[in-house]
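Please open the model in your viewer and keep the sequence panel beside it. The tour below goes from stop to stop, saying at each what to select and what is there.

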Amino acid sequence: MAFDATDEPLERRPCRERTMKIVFLGDIVGKPGREAALTVVPILRAEYAPDLIVANAENVAGGWGITGEIARALHAGGIDVVTLGNHTWAKPDAYDFLGAETRVLRPANYPPGAPGRGWGLYKTASGLTVGVANLIGRIFMEPLDDPFRAADEVIAHLRPHTNVLFFDFHAETTSEKQAFGWYLDGRASAVVGTHTHVQTADERVLPGGTAYITDVGMCGPENSVIGMDVSIVVERFRTQLPHRFQVATGGPTRVCAVLVSVDPDTGRAAGIERISRLV
Ligand SMILES: [Fe+2]
Ligand SMILES: [Fe+2]
């Protein structure tokens, strides 16, 4: 099923004058990532005037999980909606605050009864409604419910309210992420990948109008192994003994994000642009 098409030439479409912009920041890792993200958010807001800013924050609390206090700090710093991933439940606090917090989403394909919600509808300052959803993959991940079928259900809930649907697909493998993007092409405005913490260079708008990137990358320490202290991770690989990972400290922090522009009338993406900055 594709978005509603129009025969009007592009230049005559009224929606062209009010293209909607959504900024999405990749996994925020620990305090360095949090501080850098909150430094860059006002800059991105000034540069692009986005209608909505979404960020994945599954690693924001010391490298694993999130707390209610940190979620509130992210919202206060200009991040409108937070998505999560496989580290959602790392902090006990999550079990309580996710139930009450409508602007923090955990993957929708946890089994029924899990605290919190996997999708939400958000009204922008300009009066537009955006549906945001978070799903998690199953390849080299925990065996959760089928994200493809769950996405169909999410779309059935959101589509009556808006054509602008933004998906964070939190998954390990490129193939599962690409397949998920193609599966939603023409039904979602954007499918952006998270979880691997390394930004990929394959951003594009798929033929049906869905903006896609395999992984947005992270907001975290530049001199690290996906945000963690290099020497600890190397020792773990060398010795195969358990080592407690720690968020890397010192040096610059990289903020990885994407800017997606969407026609709010049809929900079709007009473009996707990678953002990668050192702070
Ligand atoms: Fe992550
Ligand atoms: Fe993850």
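Predicted model: local features only at pLDDT ≥ 70, side-chain atom pairs only at ≥ 80, totals over all residues.

Residues are numbered from 1 along each chain as its sequence is written, chains are lettered from A and ligands numbered from 1 in the order in which they are written, and side-chain values use heavy atoms, with hydrogens and water left out.

Select E58, N86, H170 and H195 next: their atoms OE, OD1, NE2 and ND1, respectively, are the protein donors of the iron ion (ligand 2) and lie 2.1 Å from it. Donors here are N, O and S atoms within 2.8 Å of the metal (3.2 Å for Na, K and Ca), and because water is not among the atoms, sites may look incomplete.

Now keep N86 and H170 in view. N86 sits in the loop between β3 (81-83) and α3, and H170 in strand β7 (residues 165-170), so the pair ties together parts that are 84 residues apart in sequence; helices (H or I, at least four residues) and strands (E, at least two) are DSSP runs, numbered from the N terminus. N86 is partly exposed, with a relative accessible area of 29%, whereas H170 is buried, at 0%. Buried means under 20% relative accessible area, exposed over 50%, and partly exposed in between (1.4 Å probe, protein chains only).

For the next stop, select L25, I28, I66, L74, I79 and V82, the residues that touch the most other members of the largest nonpolar core, which has 36 residues. Such a core is a set of buried Ala, Val, Leu, Ile, Met, Phe, Trp, Tyr and Cys residues joined through side-chain atoms within 4.5 Å. Elements giving two or more residues to this core include β1 (20-25), α1 (30-48) and β12 (253-262), and α1 gives the most, with six residues. Another core, of 23 residues, lies apart from it, with I22, L52, F166 and I272 among its members.

Finish at L206, in the loop between β9 (204-205) and β10 (211-213), which counts as buried at 4% relative accessibility. Leaving out residues up to four places away in sequence, L206 touches G181, W182, D185 and Y212, where contact means heavy atoms within 4.5 Å.
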